Amino acid sequence: MAGSADDRGGSMTAEETGKTGLRSEASARAMADTEIAPEAYLGVVKSYNDRRGFGFLACSETAIRYGRDVYMAKAEALLATGGVVVGVAAKTAAAGTAPASAGSTTAAAAVKDAAAKAQEKPAEGASPEKEKEKLAPRLAEEDLFRFRVRLSVEGYPQAACVQRLRKFVGVVTQLPAEGLGGAPGTIVSDEVKEVHSFREVPVRRESFGQLRPAVGDEVTFCIPALDGDGDADTFCDPATAGVETSTTPIGNNSGLPAGTSEAKLVFLSKTHRWNGSVLGCFTLDLPRTGGGEEETERPNLMLDCHAFGDKIILAGLPADLDETELHRFFSKQGSTGTVVAHARKSSFASVSFPSVLEVARFLGRIAHAFADDKDTKITRLLPLAPNSDTARLPALPAPALTAGEEVGTLHVVWSPLTLAVGYTLELRPVGDSSWTAVDAESSTLKLGNNQFESDRSSCKVTGLHSATAYEGRVAYVTEVGTRSEASEASEPCVPAPVMQAPGMAGAFGADGFHGGGIHGLGFGCGSPGYSGAYPPPAAATAMPPPP
């Protein structure tokens, strides 16, 4: 929320933020004449402090380039919200706001004017509270901005030529093609129709970050090419600090050349997806934290991740990674809890968020800056190519085997999972090293269709040797083609019609996961319907309307 920015100042350490506070607006005036980088970027307000008047902009491109979030001084916030739009003619942004003073047609002069106004004393007889309220910027977290960057004396990035962009709401009606630069999809928005002459807005896959969009998703977005001071592509020219003929294209974070009316900074606001829909599938490039002052810097972790519902599942954890270290990063992204389960074959973690919307917001940016005890680090979300040959998800509990009524038959029951779109079942004689898949159509041990549908959680296997004891295991597949580890082997069972209790010991495998893997991570198995963690269409989760 606005005003909730803590004294660590976004991605800065406490020491750095203290220096920032001391510089205040005097620093902004001194910085007004320094060189502004030529690139323009798109970002969102990550945090904003109403009392102190500064905030931080989150932008994946600047995070990777400068290694931290971008500081926005009070003077720039006043420019963005108080009616001064740096551009074609430095016109006022909204009716009733004071324009820039005479002669302040350049970005540098506008910043100086705003900084000076921030230091002005209230008029005689005027209420200090009223004057403060009049000058206070109207900023909120998740506001969208276009900006450029100048470096502070310490080398930290600071926002310049800041321009707030209009946020629209629309519905995804056509999915974009996968891959950078692929064919665009379509967002339909009545709000865009009210401002412009069209309802359908093209959108490319990279504008969603690592979120996998779905038809019917309600999203928020901006159209930078049409959001300006009357000219689609004019933005202040940093080389001359305000010459009004710049058509510098927005940086790679926008993915657009100048003049292209496409949706950018797309974030999910409401969804009607089914419970097992994968929100994102990516590799997390996570810096290590928590080491002592004298400890040698450890290489980044590369963790395969699946996001669905209100959780993110991480795979491939090293043995020395614990919940405290993961929480150090994910707590800054809004998570509510982290569970780590180390096992004999591999290790996984489950990170919980308040709702699906917080997960989607995390996926919407491909780089996140966060402050460690010593410095600021950058975590990246990289593409993960689905590969069914690699197990990237925790296992189900072991299945239960019981003898059928006919000789040579076994009944196999496993725990269904909402994330699964299919299951594979394998059997082997006790003592054998190799497993054989059960054909889903004939329910026999032969090559064929080895994947059971998502609504199946049991199978009657026929054609088995009646004098041989068998054991079974099960795995599942997701909608993006990734699969889980195989479960632990079940208790042995002979396919002969004799009375015996189901062998259920395998449901609690000895791998330290309390249920073969997935139960130990805080989300259990169940029917493939809807759950409270991921609401059905009638209870779709909604974000507050954009400011």
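Select R298 and D320, whose side chains meet in a salt bridge (3.6 Å, N to O). A salt bridge is defined here as a side-chain nitrogen of Lys or Arg within 4 Å of a carboxyl oxygen of Asp or Glu. R298 lies in the loop between β11 (278-286) and β12 (301-308), and D320 in the loop between β13 (311-315) and α7 (323-330), so the pair ties together parts that are 22 residues apart in sequence. The helices (H or I, at least four residues) and strands (E, at least two) are DSSP runs, numbered from the N terminus.

The model on the screen is predicted: local features need pLDDT of at least 70, side-chain atom pairs count only at pLDDT 80 or more, and totals for chains, interfaces and linings use all residues. Residues are numbered from 1 along each chain as its sequence is written, and side-chain values use heavy atoms, with hydrogens and water left out.

Next, colour the two residues by accessibility. Buried means under 20% relative accessible area, exposed means over 50%, and partly exposed lies in between (1.4 Å probe, protein chains only). R298 is partly exposed at 24%, and D320 is partly exposed at 46%.

Together with R298 and D320, they are linked in a network of salt bridges. The structure holds 21 salt bridges in total. In general, side chains of opposite charge can pair when their charged atoms come close.

Move on to R392 and D304, where another salt bridge is found, at 2.7 Å from N to O. R392 lies in strand β18 (residues 391-393) and D304 in strand β12, so this pair ties together parts that are 88 residues apart in sequence. R392 counts as buried at 10% relative accessibility, and D304 counts as buried at 17%.

Select D375 and K377 next. These residues form a salt bridge in which the closest N and O atoms are 3.6 Å apart.

Then select K374, which is placed in the loop between β16 (367-371) and β17 (376-383). K374 is partly exposed, with a relative accessible area of 44%. Show G290 as well: its C-alpha atom is separated from that of K374 by 9.2 Å, although the two residues are 84 apart along the chain.

Finally, select helix α3 (residues 74-81), which is mostly covered, with 7 of its 8 residues buried. The buried residues are A75, E76, A77, L78, L79, A80 and T81.
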